[in-house]
Every structure is written in C-alpha cells, then in structure tokens.
Amino acid sequence: MSPTLTFIVRRLVQLVPVVLAIAALNFALLHLAPGDVADIIAASTGGSSVEFVEELRRSFGLDRPLYEQFFIFIGRLLVFDLGWSHIQQAPVLELVAERIPATLLLMLAAIVVAVVVGMLLGILAAMRHRGWIDGVLSVLALIVYATPQFWLGLMLIVLFSVTLGVLPSGGMMTIATQMGWLARAADIGRHLVLPSLTLGLFYVALYTRLMRASMLEVFTLDFITTARAKGLSETRIGFVHAARNALLPVVTLAGVQIGHILGGSILVETVFGWPGLGRLVFDALLQRDLPLLLGVLLVSSVVVVLVNLAVDVLYGLLDPRIVQK
Amino acid sequence: MTINSLTKAILAAASAMALAGTAAAQCPKTGGTLTYLYHPEPTALSTVATSAVPVAIVATKIYESLLTFEGAGMTPRPGLAESWTVSDDQKTYTFKLRQSVKWHDGKPFSADDVKYSIEKVIRPFMSRGRVYFGDVEAIDTPDANTVVFRLKAPVPYFLSVFQPGETPILPKHILETIDTSAAGPIRQSSLMRQPVGTGPFKLKEWTRGSHVILERNPDYWRKGYPCLDQLVLRVLPDGAARAIAMESGEADVAPMSALPEAEIERIAKLPHIQATKEGAEALGPNMWLEVNLREKPLADVKVRQAISMALDRSRIVDVIWYGQGTPATGPIVSGNPNFYNKALKPYVYDQRAANRLLDEAGYKRGADGVRFRLSQHFLPYGETWVRLGEYIRQELGKVGIAVDTKSVDLAGWLKAIYTDWDFNLTSTFSHNYSDPTIGVQRTFISSSINKGATFTNSMGYRNARVDELFAKAARETDKTARKAQFDEIQQIMHDELPVIFLVELSYTSVWNKRVHGLITNGISMYSSWDGVWKD
C-alpha cells in the first residue's frame with residue numbers, strides 16, 4: 001500500500017471512536033437543558049392537557065430513564081439509524097440527506113471564492129508591497145473582516161436584488177418553473193452568487209492577509225533571488241515560484257476553518273433562505289428537536305473530519321515531503 | 001304579514017339570491033401562481049398534530065371541514081356540508097353532505113370519513129378535540145351523505161367547531177391503514193407529509209427548507225374554482241429578507257405578521273402593496289403579563305392594579321410593537337364583535353396612583369427605594385419580547401419594584417412557567433378564537449390549574465364566580481344571556497387582574513395589489529383561498 005493510502009485508511013479508522021465520542025458528548029450536553037420536545041409540541045397546539053403532554057412523552061420514549069435513552073441512541077447509531085424527528089415528523093437521516101447537498105455546495109463555493117480570491121489578492125498585495133494597491137487591499141480586507149456577515153448579506157441583497165435587480169434575493173432555485181438541467185444549473189448558480197460571496201468574503205479578507213505575509217516571507221528566500229538572477233519576469237516569479245510555496249499556510253488554515261465555515265453558514269443560510277444544514281440545526285435547537293440536532297451535529301462532525309483528511313492529502317500533493325516524513 | 005314573517009321572507013329572498021349568486025359566481029381571472037412567504041417552515045401539512053400558524057395556513061388549502069365562514073363574526077356557510085339543521089333542544093345537529101366530492105386520490109368522500117376523522121383522530125388527539133367533541137354522545141351516519149351529531153347537552157359554539165383549520169376532515173381509507181391508537185403513529189403517518197384532502201389545492205412538491213408547491217385540484221367540487229393554478233410557500237427565515245422579497249415583488253403575500261413589526265410600516269407605504277389588520281378577528285391574539293398568584297406580593301390585588309397602572313400600554317404598542325396592536329382591557333379582544341364588553345376601559349398610565357396603591361397595600365419603599373423584588377421571564381419568541389421585558393423592568397423600577405429578568409429558551413421557559421410554576425412575572429399571549437369557551441376559558445378556570453399543561457392557568461387563579469359563569473356560558477343557548485355572562489366575566493377580570501392585560505396584538509397581512517379576494521372572514525389566512533385571484 002502506498003504511504004498516502006495507508007495514511008488515509010488509518011485516519012478513517014480513527015474517525016469511528018472520535019465520532020462516537022462526539023455523539024456521546026452532544027447527547028450529554030443537550031440533555032442538561034430543562035424542558036423537552038413534548039412541551040414544545042404541546043405549546044405549538046396552543047395549550048393542551050397534561051394527558052396530552054404525557055401521551056406525547058410516552059410515544060416518543062421520553063419517559064424512559066436517561067441512560068436507557070442513551071443506549072438506544074448509541075445502539076441505533078451503530079446501525080446508521082439517526083432516529084426520528086418528532087417536530088418535523090420525518091426520519092432524521094432523510095432530513096439531513098435532503099439538506100446536505102445544499103450546504104456542501106454553499107461551503108465549496110465559499111471556500112473556492114475565499115481561497116482563490118484571497119490568494120490572488122494576497123499575491124497582488126505582496127508584489128506591490130507598500131504601494132497604493134497594497135494599502136487599499138489591506139484597508140478593504142480589514143473592513144470586510146470587521147463586517148457582520150448577516151449585514152453584509154442584506155446589503156448585497158439591497159444592492160444586487162432590489163436596486164439593480166440582477167440577482168435573486170433568496171432561495172436556491174427558481175420555484176415552480178420547469179427547466180432543463182443546464183438551465184437549472186445556471187439558475188442555481190445565479191442563486192449561489194450572493195450567499196457564497198457573503199460567506200466567502202470574510203475568509204477572503206483573512207486569506208489575503210495571510211497570503212500576503214506568507215509571500216513576503218518567501219520573497220526573502222534564496223530560490224527567489226536565483227529566479228530573479230535568471231532574469232524571469234516578476235509576474236512569473238510571484239505567481240509560479242513564490243505562490244505555490246506561500247500557499248501552504250493558507251491551505252492549513254482553510255482546513256482548520258471548515259468547522260467555522262459550517263457555523264457561519266447558519267447566518268448566511270438564514271439571510272438567503274438557503275435550504276441547508278445550518279438552518280436545520282438552528283431550527284432544531286430552538287424547538288428542542290434533540291434527535292435531529294444530534295443527527296446534524298454528528299453528520300457535521302463527520303464532514304469536518306473528512307474535509308480535514310482531504311486537506312491533509314492535498315497538503316501532501318503540494319509538498320510531498322510532508323507525507324513521506 | 002307580520003313584521004317577523006316579513007323579515008323572514010326578506011331573509012329567505014336574500015339567501016336565495018346569495019345562493020344564486022354563488023352558483024353563477026366565477027373567478028374574475030383564472031390561472032397564475034401565488035407566492036407567499038413564511039417562517040418557520042410548516043412541520044406538517046395537516047393541523048391534526050399541531051395548530052401552529054405556518055401549518056394552518058398551508059393545510060387549510062388542502063383539507064376542508066363541514067363548514068366555511070363569512071365575515072369577522074364568522075357566520076357559518078356551507079362547506080363539505082351543503083346544509084344543516086339543528087333540533088329545537090339544540091342537541092342534534094344534522095349535516096347533509098355534498099355529493100360527488102372526491103379525495104385528491106380519486107376516492108369518493110362520504111359520511112364515514114367525517115365520523116372516522118372525528119372519533120379516531122380529532123377528539124382523542126387534537127389538542128382542543130376534547131373541548132369540541134367532549135359532549136358528543138354519538139355520531140350517526142344514516143346514509144353516505146348524512147352525518148348526525150347527538151350531544152349530551154347543548155354546545156352553543158358547536159357550529160364554529162367545523163373550521164377547516166380546527167376540524168379538518170381526513171380520508172378514512174388512508175387512516176384505516178395506520179395505527180390510530182396513539183398520538184405517535186398518527187404524527188408519524190404519511191398523511192402529515194403527503195396529504196390527501198378534498199380542498200381546492202393538492203400537494204405537488206415539498207422541498208424541506210425551501211418551499212411547498214400546491215397545485216389546482218381539477219376535480220374540486222366547486223365548479224370553476226380555484227382561480228389560481230398554483231400556490232407556492234417560500235420559506236425565508238430572515239425577516240428583512242422577507243420584507244425585501246415583498247418590496248421587489250418576488251412574493252405576493254406575507255400573511256399574518258410574516259414581516260417583522262419594524263418593517264411592516266415601511267413596506268405598507270409602498271405603492272404596490274396593501275396591508276391590513278383585518279381578517280384575523282377570529283384568532284384574536286391577546287398579550288398579557290402573566291403573574292404567579294400563589295404568593296405575596298402578587299397575591300394582593302392592589303399590587304396587580306398598581307403594576308397595571310405603572311405600564312403605559314400606548315407606548316408598548318407604539319414603540320415596541322411599531323403600532324401593531326391596541327391597548328387591551330380584558331380577556332376578550334375588542335375585535336370580537338360578538339362577545340367583547342364595550343364598557344371596559346384600559347387601565348390609565350398613572351405612576352403616582354400606582355405608588356399610592358403600593359403604599360396602601362403596605363409595601364413601603366426601603367432605604368434603597370425598593371419595595372420588593374420580582375423575577376421576570378419573557379416569552380422567548382424574539383427581539384420584541386426582550387424589549388418588552390426591558391420596558392417592564394424600567395417602568396416597574398420607577399415605582400419601587402425591582403425586576404430581575406431571566407432569559408431562557410422556549411423549552412426551558414415552558415418548563416419554568418407551566419411545569420414548575422417557578423416564576424413571578426412572564427409575558428405571554430393567547431388566542432381568543434371565535435368563541436370564548438374555546439379560547440378564553442381554559443386560561444382562567446380553576447380546573448386548568450395543572451402542572452405540566454402548557455398555556456393554561458399557570459397563575460393559580462381561582463374565582464368560584466368566574467368558574468360558574470364559564471360553566472354556564474358553555475351550555476347557555478340564549479344568546480343574550482350568554483353575552484351577559486361573558487360581560488360579567490370580563491368585568492371581574494378587569495377589576496381582579498388574574499393577569500395584567502397589556503396589548504391586543506394585531507396580525508397584519510401584507511400583499512401585492514395584484515392579488516384579490518384574500519380577506520373574507522375573521523380568519524382569512526386559514527381559508528381555502530379558492531376564490532383568491534391574481535391580475
């Protein structure tokens with residue numbers, strides 16, 4: 001087996017106890033809060049009798065001792081059954097599976113925006129070190145970094161949807177119209193622009209700063225001096241020689257921040273009505289829908305662990321010395 | 001001809017004309033898609049398991065009940081029942097059902113469906129089912145198109161029970177395939193997610209987290225209806241984003257305060273937008289400060305009156321709710337034309353009088369200016385309620401009542417208020433519904449002092465006279481006597497303040513002017529919208 005493959009398999013095996021531990025911790029934490037889903041459901045019917053609430057509790061199995069509920073939960077997890085959402089009245093797995101593509105699409109688009117734009121601006125700023133472009137970019141990065149995401153999202157909607165009328169203000173696709181797959185993909189793409197920009201811009205700011213610093217450091221290294229001595233153009237030196245080496249810290253940070261981006265998607269999905277996991281978890285939390293909440297948290301933790309694994313592999317591709325060590 | 005018979009003749013002629021009008025009526029324009037906005041997303045497409053607003057708005061387009069209603073006072077009109085008669089002792093209600101009505105899956109609708117839905121689902125498992133049908137001795141179905149309800153005692157509000165959102169008629173042939181012995185299996189049944197109703201619209205597509213699409217039912221019994229081809233619910237969780245979608249014309253309707261209070265005023269002024277508080281009279285949301293009467297000082301009526309005078313209702317309406325409401329006077333809202341006691345006046349904002357009352361009650365200010373301390377929870381429904389909590393703390397502080405505000409989430413709040421009774425003050429609101437026996441009684445009668453039951457008598461309020469009046473009114477067949485009973489209840493509560501009545505909230509519905517026919521009765525957003533059309 002190649003070292004890369006061994007590495008991947010080892011990491012996948014390690015994933016099982018990590019995920020189970022996360023599940024147990026979540027279960028314990030969520031059961032610390034007073035009140036339960038039976039109360040919430042009873043309340044949503046606008047007042048109800050004690051018998052009604054008790055009946056709900058009994059049929060949901062909430063009247064059993066906590067340890068029993070815990071073993072039922074873990075036992076189900078081992079056969080990939082995430083349980084039943086009493087609020088949404090549907091299996092948790094189905095609910096999560098419905099939402100996960102939307103969130104992954106949004107996250108992927110945001111990361112691409114963040115890394116690509118952040119990298120380019122960072123390179124640009126470093127190559128024009130202490131020039132006016134560097135100054136403008138630094139100030140812009142600072143402003144974007146300090147802007148709350150939901151506000152940025154709303155302002156983008158006001159500009160592009162209300163004032164200019166060029167992009168849709170929310171949702172993932174045009175509802176209630178038939179279209180071919182190509183037109184549908186373009187339609188989703190149009191809907192994706194504003195949310196992925198909103199989610200990505202914050203990280204653009206971060207990566208611009210990081211890339212700039214990293215580039216400036218690489219510029220002091222000997223091989224750059226060698227390249228200059230060979231008479232290569234500054235553009236080629238910056239984009240080809242320095243960038244690849246300066247990229248490592250950005251990729252590292254991007255990997256670490258996957259969980260963070262997933263958290264940020266709650267706000268962005270709320271503002272844009274994007275049907276993803278972030279909103280599902282938020283609604284579940286408000287309604288004390290514990291099976292759903294546990295399910296989403298579990299799947300999110302799996303996603304984060306997997307993406308981190310992918311980043312590590314990518315890291316190896318960028319710098320083969322890392323895996324071989 | 002006596003005057004009486006003349007009136008009858010005129011009424012008969014008028015109703016004949018109305019019927020003829022109905023027969024000849026047709027949509028001014030057919031076709032089109034109506035998009036409306038809401039958040040949160042409905043959790044089911046049937047009001048059996050929950051009567052939450054987002055569920056009721058969509059489910060009432062799919063499922064129907066025996067009757068429909070007209071006007072703010074909710075006059076019963078034919079629905080699935082073509083006509084009905086009430087026996088002289090008001091204990092037998094006979095409904096003649098419409099023939100040739102079909103379920104969305106093509107199966108014929110019959111009296112068995114009515115009997116089965118009420119006996120197996122609505123009465124045992126709908127939260128108000130026992131109130132509605134507790135006095136039903138038997139439901140007979142002499143033939144496929146007749147349903148007879150035999151009651152143990154007269155139920156004066158019995159006809160208003162058959163609202164589409166409250167008593168939806170469900171298909172027996174599908175219910176039979178599920179376990180109807182407990183709430184769980186019914187809640188989990190496919191009927192909640194893949195509804196089969198008789199209504200003007202049927203489910204086409206539900207993409208969770210995004211939208212629900214309903215399409216025209218081509219076999220709808222009301223020929224030529226519905227006017228619209230499609231009804232689309234778009235779930236937009238952010239209030240500002242919903243306002244923008246209305247502003248840009250992307251959505252047609254924002255029903256029942258779907259827009260945040262802070263935005264309604266601005267949006268309502270736009271030239272293409274119409275906004276109204278009408279069409280929600282039969283829900284009647286009433287907001288109050290719930291008090292725990294079990295211990296001093298709140299057990300003292302003077303203290304409650306003082307609190308009532310220390311709060312400025314107009315300011316709460318104007319500043320906190322951006323004008324979306326009116327000061328409340330008692331348990332029944334002024335928008336209910338049949339039962340509101342017009343003699344009542346809201347408590348006047350007068351902090352000097354409040355201070356005097358507190359002095360009289362024996363709660364002198366201490367050296368720090370504080371008379372006593374109270375804890376306060378606020379309803380965890382968002383920003384507005386937090387601001388209300390802050391306002392109350394500020395105003396009560398001025399009269400020497402120190403208030404500690406506690407912030408908890410909904411499940412924690414429900415437990416603290418209704419299961420543990422561990423609170424002094426909390427803000428909350430309740431719906432009146434079209435009849436006080438249904439919507440008001442449960443909060444104030446002493447038999448609803450039950451630990452663990454949500455939105456009931458958490459105050460621990462006991463008044464034998466009030467109990468007696470509510471019990472009488474629940475059976476009273478004489479309309480004038482019944483009104484007098486409710487008038488007295490309102491007077492007692494106005495004086496005794498089992499809770500501090502604050503604001504009759506209003507539900508403002510906002511729509512694009514290209515939409516017509518939305519407001520037809522006291523609960524218009526829960527109507528079937530079969531006559532709604534779009535330019």
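**Note on the chain B sheet and the chain A helices**

1. In chain B, six strands make an open, mixed sheet, ordered β14-β18-β13-β17-β15-β16. Strands are DSSP runs (E, at least two residues; helices are H or I, at least four), numbered from the N terminus. Two strands pair if DSSP finds at least two bridges between them. Neighbouring strands are turned by 30° on average, direction ignored.

2. This is a predicted model: local features need pLDDT of at least 70, side-chain atom pairs count only at pLDDT 80 or more, and totals for chains, interfaces and linings use all residues. Residues are numbered from 1 along each chain, chains are lettered from A, and side-chain values use heavy atoms, without hydrogens and water.

3. Strand β15 (residues 372–377) of chain B pairs with β16(B) in the parallel sense, over six bridges. B:Gln376 has B:Thr405 as its bridge partner in β16(B).

4. The UniProt annotation "transmembrane region" (unreviewed entry) covers residues 104–127 and 292–318 of chain A, among others. Such annotations may be inferred rather than shown by experiment. Residues 104–127 of chain A are 100% helix and 0% strand, with end C-alpha atoms 34 Å apart. Residues 292–318 of chain A are also 100% helix and 0% strand; their end C-alpha atoms lie 38 Å apart.

5. A:Val117 lies in helix α5 of chain A.

Note on methods: Axes fitted to C-alpha atoms, helices over the stretch in contact; angles between N-to-C directions.
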